[in-house]
Amino acid sequence: MATEKTADGEHLLMVMHGEGVEATTKLVLGLTDAQRRELAPQVTVLVRAAARWWEDGNEFAEYLKTARKGPDGLTAAVAIAAAGTVIASKLPGVLRRIEVLNERAGWGLSHRDEPDGLTARLVKVLEARGLVGRPKLAADLAGRVRAGDVWSRAWFFHLALELARRCPGEPPTPAVFSLLWLTDPQRVLADVRARPAWSVLALRALAVRDAGRRLDHSGLRQALTQLATEGLIPRADLLDACIGALQTTDRKIDLHGLMLLHDEIAPTADEIAARTGQYLSLVAGAPANVATVAQQRLRALDEAGRLPGPVLAATTTAIMVRPDKGLFRGQLTWLRSAMKASAGREPLMLAMAAGLGHPDPALQKRVLDLLDPFLSDLTGPARAELALAAEALAPDLRARAAGRLGVEAPGPGFVAELPGPQPVAALVPITGPEETVEKLTVYEHQQNSWGQNEFRDMEVLLDALVRFSWSCPERLHEALQPLLSRLTWLPEGPPPRSYGHRSSHSEPDLGSIWDCVRSARARAERLEPELPGARSLEPALPRTRSLGPELLGTVFNPQLGAPEDRPARPVGSVKAEVILFRRISEAASGMWWAPVPVLLATPTTVDGVLEADELVRRLQLLEEAGCRPWPDDLGQAWLRVRPGDRGRVLEVVRRVAGPEAAERLIGLGSAGAKVRLENWFRPVDQPPYAYLYGREPQVPTMTSSPVVTLTPAPVLDLPEPWNHLWRLAMPGPVGYQRPCSWLTYWPTILPFDRDVMAAHLVREVPGLKRGGGDVLRAHAEVAGPIGPATLLLYGYGLDLPEAEDRAGTSEALITTIGRGELDPVAFGETLGRLVAGRNVKLNRVVETLRGVGQAGGWATLWPILAAALPLCLPRAQAEPLARFADLLALAVEAAQSCGATGEVPGLDDVAGRRSTSRVRAEARRLQAALSGARAS
């Protein structure tokens with residue numbers, strides 16, 4: 001083969017494509033250093049083209065379409081060519097781009113590469129160049145390994161592993177590389193036995209996320225313990241690494257394997273005694289199952305007489321402040337024997353003082369019972385400290401504790417009161433183009449990171465873009481330049497005029513705010529300015545005769561009552577955020593095609609209300625400028641004006657926008673719907689992809705849950721898509737959990753018909769992973785009346801999965817209670833049905849409602865619970881709901897805090913049961929609280 005041909009990139013490509021991997025390997029091994037340097041740029045271009053094969057104009061993609069992509073295919077030949085030509089410093093990044101598929105398995109290379117496979121050829125080529133044995137190259141390759149490399153780039157991991165094996169000393173320990181290496185037990189055994197310094201890689205891998213999941217494989221645990229037995233991994237280091245991993249993770253999928261490894265290590269009493277601090281940290285901060293194991297190890301050490309007293313006191317304090325009841329009971333059992341010794345008793349009693357504030361009054365009582373025989377031995381300062389801690393007890397236990405501690409019984413404590421109605425803050429507009437750009441920059445960041453978008457930020461941003469594109473387009477364009485330089489994807493020119501053709505039934509493209517930026521840029525750059533108001537957006541907006549008698553149908557669901565009283569079957573129901581989509585698209589088109597000096601619908605206060613006088617002023621500005629209002633902008637402005645003030649706006653609308661626009665507004669103002677709660681029966685969904693796990697399809701079980709139905713009033717000639725606000729489709733199968741970045745906007749679409757918007761939100765909020773608390777806060781701030789849909793929405797809000805979102809539900813309830821808007825009896829009945837139907841989890845409900853009471857809402861919380869309990873108390877000898885005793889304990893706390901008396905229907909039957917259950921005990925406490933008696 002001629003020298004000049006071997007150094008030619010085209011010839012190399014022909015060999016790779018035509019003759020395959022073996023010929024490419026021979027060709028690369030025969031290159032001189034000069035030829036490698038000459039070919040390196042051309043091979044780098046081929047690698048880049050192979051990595052971006054989908055791009056237009058990529059000639060190399062034509063070869064890839066017909067070539068094999070497996071270990072013997074064209075992409076493997078490209079990897080060999082790169083290994084033989086590219087300089088060492090750039091080699092890891094170049095090889096990282098290459099993807100080689102496994103043609104045998106269809107997914108990726110197996111964990112064990114074949115001796116004569118791609119990895120072996122690459123090592124052979126690198127060895128010929130003198131690059132094998134270089135720790136820096138091996139470390140660079142290991143640092144670029146990714147978690148998905150067990151599939152299409154498994155060869156890359158094996159190459160990094162093989163080069164690391166051929167380097168002296170300790171191996172590279174990047175997290176992902178360590179984790180993939182740990183996956184194969186046989187590989188771990190072989191590598192550590194051949195290279196004892198590689199034990200550090202096993203210890204480093206335990207600290208990586210997902211290592212615990214891999215430890216579920218018994219073979220891997222046995223490999224690690226076997227290496228520890230052989231002395232290749234120090235046993236102390238392995239135990240420390242396992243405990244350290246338990247200290248740094250709370251993922252259930254990881255904890256299980258790590259706990260199994262800890263059990264197989266089986267630490268001795270000496271090892272536990274040397275690590276009491278580490279086990280104490282697990283007791284204090286690890287999940288309950290891990291903390292329980294640590295508690296048991298420390299208890300065994302104490303029973304052997306080897307646990308120092310201060311460590312026992314610290315362990316007690318750490319457990320007493322945790323809400324976990326199993327840990328709490330286990331610690332009290334441990335302390336019964338420890339309290340018999342007189343030495344060190346007082347520090348233990350002071351450590352137990354934190355348990356007097358546990359949320360469960362039954363556990364508070366157990367702490368008092370344990371302390372009682374030894375109270376006489378306390379010193380004065382210790383007695384005073386316990387008396388202070390006793391103030392956190394439930395009211396019926398507080399007097400008992402005060403008597404036993406020798407101090408005066410506490411009087412009625414201070415009960416906080418909820419704040420009354422607060423004045424609504426004004427919505428402050430943006431003052432200049434520079435501030436507009438700042439808001440746009442924040443919006444860009446939130447959009448890219450799926451952040452929360454507040455309606456008030458969007459409203460002032462739209463208002464500013466419309467105002468400044470009218471009054472000072474050149475200044476706005478100049479301020480936008482730094483932002484536009486980043487938005488290289490933004491098309492040139494204004495958006496199209498006819499935006500009404502977009503489907504209202506699809507997910508809205510809320511990125512249309514950038515179309516407004518396009519219009520602002522186009523207005524500043526155009527050569528001949530248009531006459532204001534010369535064009536109108538009216539013809540681009542189709543209207544439909546929606547919600548008329550001809551569209552009223554029936555819903556096929558036998559649980560929804562008589563046919564004549566069933567809700568209308570909606571035709572093409574859409575989500576409420578389409579309203580926002582239409583308004584943003586209208587503003588984007590209108591800023592160029594029909595510019596106006598001001599946006600009409602921008603609220604004047606943060607609760608979404610628009611004052612009638614301000615709307616009249618804005619309409620007059622449009623009239624003076626010779627402009628016609630944008631239809632959706634006018635419709636939203638009309639719905640934000642108080643219904644009693646709309647009459648004096650109508651004449652101005654008729655003069656400025658025309659009689660037809662005024663008639664449309666009259667229809668919008670008279671639209672409404674009857675809101676009702678019905679039982680919806682649906683099958684429980686099968687686990688997704690169950691067939692992949694060998695599960696046979698099962699007959700679906702039926703479950704019921706409350707659902708909101710809307711029966712719209714038949715109003716003719718409502719514009720699209722506003723007509724969809726007063727109707728709902730029947731619920732279908734639950735889809736994927738969608739982000740809630742725009743749900744906070746929905747309540748302000750109909751601020752004076754809050755219950756209708758709650759009917760829409762109740763379909764969305766229960767399925768959210770996070771962000772539901774912000775939605776409920778926004779809903780509580782608007783001014784409309786509360787009805788059954790709102791009560792159901794707040795009931796589901798008590799059960800949101802994230803604690804911060806449940807705190808948002810508490811704030812929403814506090815807001816409505818403070819305003820006097822919430823009917824506690826109606827809300828309690830709704831909550832009782834949800835609890836009885838097992839539609840909410842009681843531990844979440846109790847925690848959220850307690851937050852309302854502690855904020856000063858006990859007086860309202862008691863009637864809520866009094867109305868809920870009769871609907872969910874266990875009947876006859878039926879088993880109570882899980883965590884039902886917690887709900888009864890909350891009712892006791894509420895009744896005692898507000899001095900409630902009376903009876904709860906069905907409570908006597910539960911309290912009179914012959915059992916020792918906590919439900920019976922809490923029912924008796926509630927009876928005593930309602931009768932004014934004190935618990936003994």
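**Helix packing and a loop arginine**

Tutor: H16 passes H19 in a left-handed crossing, meaning that the near helix is turned anticlockwise from the far one by less than a right angle (clockwise would be right-handed). Keep in mind that this is a predicted model, where local features need pLDDT of at least 70, side-chain atom pairs count only at pLDDT 80 or more, and totals for chains, interfaces and linings use all residues. Residues are numbered from 1 along each chain as its sequence is written, and side-chain values use heavy atoms, with hydrogens and water left out.

Student: At what angle do the axes of H16 and H19 cross?

Tutor: Roughly 25°, and the axes of H16 (residues 235–248) and H19 (residues 276–285) come within 10 Å. Axes here are lines fitted to C-alpha atoms, for helices over the stretch in contact, and angles run from 0 to 180 degrees between N-to-C directions. The helices themselves are DSSP runs (H or I, at least four residues), numbered from the N terminus.

Student: Which residues in H16 and H19 meet?

Tutor: Leu239, Asp240, Ile243, Leu246 and Gln247 of H16 meet Gln278, Tyr279, Ser281 and Leu282 of H19, with contact meaning heavy atoms within 4.5 Å.

Student: OK, new pair. How do H6 and H8 pack?

Tutor: H6 (residues 74–85) and H8 (residues 118–128) pack at about 20° with their axes 8 Å apart, and are therefore roughly parallel. Their crossing is right-handed. Ala76, Ala79, Ile80, Ala83 and Gly84 of H6 make the contact with Leu118, Arg121, Leu122, Val125 and Leu126 of H8.

Student: Switching to loops: where is Arg322?

Tutor: In the loop between H21 (309–320) and H22 (325–338).

Student: Buried or exposed, that Arg322?

Tutor: Arg322 counts as buried, because its relative accessibility is 9%. Buried is under 20% relative accessible area, exposed over 50%, partly exposed in between (1.4 Å probe, protein chains only).

Student: What's Arg322 in contact with, leaving aside neighbours within four places in sequence?

Tutor: Its contacts include Leu282, Pro287, Leu327 and His358.

Student: Last one: how many residues of H36 are buried?

Tutor: Eight of its eight, so H36 (residues 754–761) is mostly covered. Among them are Arg754, Asp755 and His760.

Methods. Helices (H or I, at least four residues) and strands (E, at least two) are DSSP runs, numbered from the N terminus. Angles under 35 degrees count as roughly parallel, over 145 as roughly antiparallel, 65 to 115 as roughly perpendicular and the rest as oblique.
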